[in-house]
Amino acid sequence: MTDQQKHVLNPKKWVDNYADYLFNYTISRLNDHDLAKDLVQETFLSALKAMKNFKGQASERTWLVSILKRKIIDQYRKSNSKEGQAEVRMSFYKTGENKGKWIEEKAPSNWGNFGEKDIENEELKKTLNQCINGLPEKQRIVFLLKTVKNYETEEISNELQLSASNIWVIIHRARLKLRECMENNWFKN
Amino acid sequence: MRKKIIINCDEATEICDKSQYCEASTFDKFRLSIHNFLCKKCHLYSEQNALMTKLFKTHVHPEKEHLKQEEKEELKKKLEENLYP
């Protein structure tokens, strides 16, 4: 035994000690309760299988988080390939002489007299969160990290292995969708 | 590559999105304001986008979600089953 104390695993205590932490870590990235719960469960089950590989160098929590991180990246990749070809609902012409111009029915229309005082509203909050949950997963993850967790672009770049310009394109698409979703479900209702 | 001053709506709105996080450069903001001066749609987008940012700040706090007690019990059960299969 070396001077440095080795960390040990105690799976019976995992739920009590780490479920909340891992859940918070996940929900702030996915904003989806059930999906977050499933990923936490998968993390624990994968950790059980991998227990013999635990060398005791990192703390139990750090080790579990590293497994969870991989699950989140997998989730991200999965959605990436699923949604890759589904990007048909675009807002701008992609080719021709109108390239880069608004497609007429996607362009912003007037929202009436919405003011600061109308922001505090439970129904609006619900609609907004539904719009966010309706985003394709990869857009949701990147958008939330940037907007809610206030991550630096570089941190997201490291966590999800994306280039900065890629991140901005993703955020751009997410915000276009969110604006449109709020227009259709709130401001023009 | 020299950056152009005249940009299209797709580029303008992307710069506008960047500026919501204070990450648009001065030159980008300059290009955006020229574009918005000439383009009603993007001008409107910029206004609405600023409002969207306020809505996100006020209403989106996913960290307030919790695992319910019964969900934790469920997790424990699952873990237990796999601990002694």
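This is a predicted model: local features need pLDDT of at least 70, side-chain atom pairs count only at pLDDT 80 or more; totals for chains, interfaces and linings use all residues.
Colleague: Which residues touch the most other members in the largest nonpolar core?

Modeller: The general idea is that, in soluble globular proteins, nonpolar side chains tend to be buried together. Here the largest nonpolar core has 62 residues, and those touching the most other members are A:Trp14, A:Phe44, A:Val142, A:Leu160 and B:Leu55. Because domain 1 (11–84) and domain 2 (87–187) of chain A both give residues to this core, it lies between them. Apart from it lies another core, of 14 residues, which includes A:Ala107, B:Ile7, B:Ile15 and B:Cys42.

Colleague: Which residues does A:Leu160 touch, leaving out those up to four places away in sequence?

Modeller: With those set aside, A:Leu160 touches A:Ile73, A:Tyr76, A:Ile141, A:Val142 and A:Leu145.

Colleague: How far apart do the C-alpha centres of the two domains of chain A lie?

Modeller: The C-alpha centres of domain 1 and domain 2 of chain A lie 27 Å apart, and the contact takes 15 residues from domain 1 and 19 residues from domain 2.

Colleague: Which residues make the nonpolar surface patch, and is B:Phe30 buried or partly exposed?

Modeller: The patch, of about 380 Å², is made by B:Ile5, B:Ile6, B:Phe27 and B:Phe30. B:Phe30 lies in helix H2 (residues 26–38) of chain B, and because its relative accessibility is 43%, B:Phe30 counts as partly exposed.

Colleague: How many salt bridges are there over all chains, and where do the partners A:Glu180 and A:Lys106 lie?

Modeller: The idea is to look for a side-chain nitrogen of Lys or Arg within 4 Å of a carboxyl oxygen of Asp or Glu, and by this rule the count over all chains comes to 16. In the salt bridge of A:Glu180 with A:Lys106, the closest N and O atoms are 3.2 Å apart. This pair links distant parts of the chain, 74 residues apart, with A:Glu180 in helix H7 and A:Lys106 in the loop between helix H3 (60–83) and helix H4 (122–133) of chain A. Both A:Glu180 and A:Lys106 are buried.

Colleague: What separates B:Asp28 and B:Arg31 along helix H2 of chain B?

Modeller: B:Asp28 and B:Arg31 are three residues apart in helix H2, about one turn of the helix. In their salt bridge the closest N and O atoms are 2.6 Å apart, and both residues are buried. By contrast, B:Lys4, which forms a salt bridge with B:Glu11, counts as partly exposed because its relative accessibility is 45%. Salt bridges can also join into a network, as with A:Lys37, B:Lys68 and B:Glu71.

Technical notes
Residues are numbered from 1 along each chain as its sequence is written. Chains are lettered from A and ligands numbered from 1 in the order in which they are written. Side-chain values use heavy atoms; hydrogens and water are left out. A nonpolar core is a set of buried Ala, Val, Leu, Ile, Met, Phe, Trp, Tyr and Cys residues joined through side-chain atoms within 4.5 Å. Buried means under 20% relative accessible area, exposed over 50%, partly exposed in between (1.4 Å probe, protein chains only). Domain bounds come from an automatic or database domain assignment. Contact means heavy atoms within 4.5 Å. Patches are made of residues with over 30% relative accessible area and no salt bridge: like charges are joined within 9 Å, nonpolar side chains (Val, Leu, Ile, Met, Phe, Trp, Tyr) within 5 Å. Accessible areas come from the Shrake-Rupley method with a 1.4 Å probe; for residues, only the protein chains shown count as cover. Helices (H or I, at least four residues) and strands (E, at least two) are DSSP runs, numbered from the N terminus.
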